[in-house]
Amino acid sequence: MKLVFAGTPQFALPSLEAIAASEHELLAVVTRPDAPVGRGRKLAPSEVSAWAQERGIEVLTPSKPSDPDFLERLRQLAPDCVPVVAYGALVPQAALDIPAHGWVNLHFSLLPAWRGAAPVQYSIMHGDEVTGASVFALETGLDTGPVYGTVTETVRQDDTSGTVLERLAVSGAQLLVQVLDGVAEQKLSAVPQSSDGVTLAPKIKLDDARVRWGDPDFAVDRRIRAVTPAPGAWTMWDDNRVRLGPVVPAGNAPELGPGQLSVQKTAVYVGTGTGPVRLGNIQLPGKKMMDAAAWGRGLHNRDGIVFE
């Protein structure tokens with residue numbers, strides 16, 4: 001089939017590379033416009049855009065996929081199908097109707113669970129032991145289309161959203177190409193999603209990444225891992241926002257109130273609504289992430305520290 005790929009971030013690249021290596025023809029990519037990055041806030045292309053430019057593949061960056069110029073160019077390209085991985089914009093029916101086989105989306109959850117922008121984050125935050133990826137026919141509804149196939153992935157105790165996404169990006173890429181093969185051969189049919197078990201995973205906001213020290217230790221652990229690496233877990237200390245890496249529940253540590261710290265020679269513990277947790281890494285404003293124990297040893301006054 002002739003394909004136009006739609007995607008934006010780093011974890012869309014395994015699918016893009018798998019499609020480029022397949023028997024299908026990659027005509028162009030659709031991605032989000034250049035965006036400001038880093039401290040200098042300079043405009044930079046998305047990872048998908050940079051990948052395509054390096055290989056001389058046409059890049060389409062509409063401000064929104066309903067733009068008439070974009071729709072006209074998509075009609076000119078006349079793709080048989082548009083595979084999608086984390087494109088980042090709602091696709092209107094006018095665009096969905098152009099390819100003969102529609103738009104086929106790789107979503108990082110076992111639908112109908114965790115429809116939305118942050119499925120892996122919510123899966124970890126809610127303690128799912130198994131997650132996965134689904135390839136489905138894109139509709140104007142939020143991740144509501146019929147499903148072509150799925151893969152599963154065990155969530156490990158130390159997994160962050162970043163590590164789970166890394167694995168799903170690879171296994172999901174293989175699934176996506178298999179689905180495209182099946183669609184091309186007309187040997188694959190999509191199955192409507194169940195109306196039971198629908199859960200939503202809206203975009204993670206900055207406040208969602210703030211640690212709630214009054215929560216049980218397992219919930220604190222899950223929240224931090226869920227928002228690692230982005231947007232990154234944070235808490236307030238001495239009127240400063242500090243970022244935190246994953247923690248480890250520590251039942252044998254001193255009894256502490258929620259947010260209260262115990263700074264020892266080899267570890268820093270923080271109280272939660274149940275037992276304490278041991279800090280892994282901490283990042284102060286303007287500094288690099290560092291080992292929490294080393295940070296603790298450098299404190300002049302270790303008493304009475306409380307995270308909020």
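## Basis

The model is predicted: local features need pLDDT of at least 70, side-chain atom pairs count only at pLDDT 80 or more, and totals for chains, interfaces and linings use all residues. Residues are numbered from 1 along each chain as its sequence is written, and side-chain values use heavy atoms, with hydrogens and water left out.

## Overall build

The chain has 8 helices and 17 strands. Both kinds of element are DSSP runs, numbered from the N terminus: helices are H or I with at least four residues, strands are E with at least two. Along its principal axes, the C-alpha trace spans about 70 × 45 × 30 Å.

Of the 308 residues, 49% count as buried. Buried means under 20% relative accessible area, exposed means over 50%, and partly exposed lies in between (1.4 Å probe, protein chains only). The chain exposes about 15000 Å², and carbon and sulfur atoms supply 49% of that area. Accessible areas come from the Shrake-Rupley method with a 1.4 Å probe; for residues, only the protein chains shown count as cover.

Contacts reach along the sequence. Among those between residues at least 6 apart, 63% join residues at least 24 apart. A contact means heavy atoms within 4.5 Å.

## Charges and salt bridges

The chain carries 28 positive and 34 negative charges, and their mean positions are 7 Å apart. Lys and Arg count as positive, Asp and Glu as negative; His and the chain ends are not counted. Each charge is placed at NZ of Lys, CZ of Arg, CG of Asp or CD of Glu.

Side chains of opposite charge can pair when their charged atoms come close. The structure holds 8 salt bridges. A salt bridge is a side-chain nitrogen of Lys or Arg within 4 Å of a carboxyl oxygen of Asp or Glu. The table gives some of them.

| Salt bridge | N to O distance |
|---|---|
| Glu54 and Arg55 | 3.4 Å |
| Glu72 and Arg75 | 3.6 Å |
| Asp221 and Arg225 | 3.0 Å |

Their surroundings can be read from the accessible areas. Glu54 is exposed, at 66% relative accessible area.

Glu72 and Arg75 both lie in helix 3 (residues 68-77). They sit 3 residues apart, about one turn of the helix. Glu72 is partly exposed at 37%, and Arg75 is partly exposed at 44%.

Asp221 and Arg225 both belong to helix 7 (residues 217-226). Here the spacing is 4 residues, again about one turn of the helix. Both residues, Asp221 and Arg225, are buried.

Salt bridges also link Glu153, Asp159 and Arg167 in a network.

## Strands and sheets

Strands of a sheet pair through backbone hydrogen bonds, either parallel or antiparallel. Two strands count as paired if DSSP finds at least two bridges between them.

Strand 1 (residues 2-7) has 5 of its 6 residues buried, so it is largely enclosed by the rest of the structure. Strand 1 pairs with strand 2 (residues 25-30) in the parallel sense, over 5 bridges. Lys2 has Glu25 of strand 2 as its bridge partner.

Elsewhere, 4 strands form an open sheet with antiparallel pairing, in the order 12-15-14-13. Its edge strands are strand 12 (248-249) and strand 13 (261-263), each pairing on one side only. Strand 12 meets strand 15 (residues 277-278) in the antiparallel sense over 2 bridges. Val248 has Arg278 of strand 15 as its bridge partner.

## Two residues up close

Arg223 is found in helix 7. Arg223 is buried yet has no salt bridge. The nearest side chain of opposite charge is Asp215, 4.4 Å away. Not counting residues up to four places away in sequence, Arg223 touches Met125, Asp208, Arg210, Val211, Arg212 and Asp215.

Leu188 lies in the loop between helix 6 (161-184) and helix 7. Leu188 is partly exposed, with a relative accessible area of 30%. Leaving aside neighbours within four places in sequence, Leu188 is in contact with Tyr148, Val179, Gly182 and Val183. Leu188 and Gly149 are 39 residues apart in sequence and 9.3 Å apart in space, C-alpha to C-alpha.
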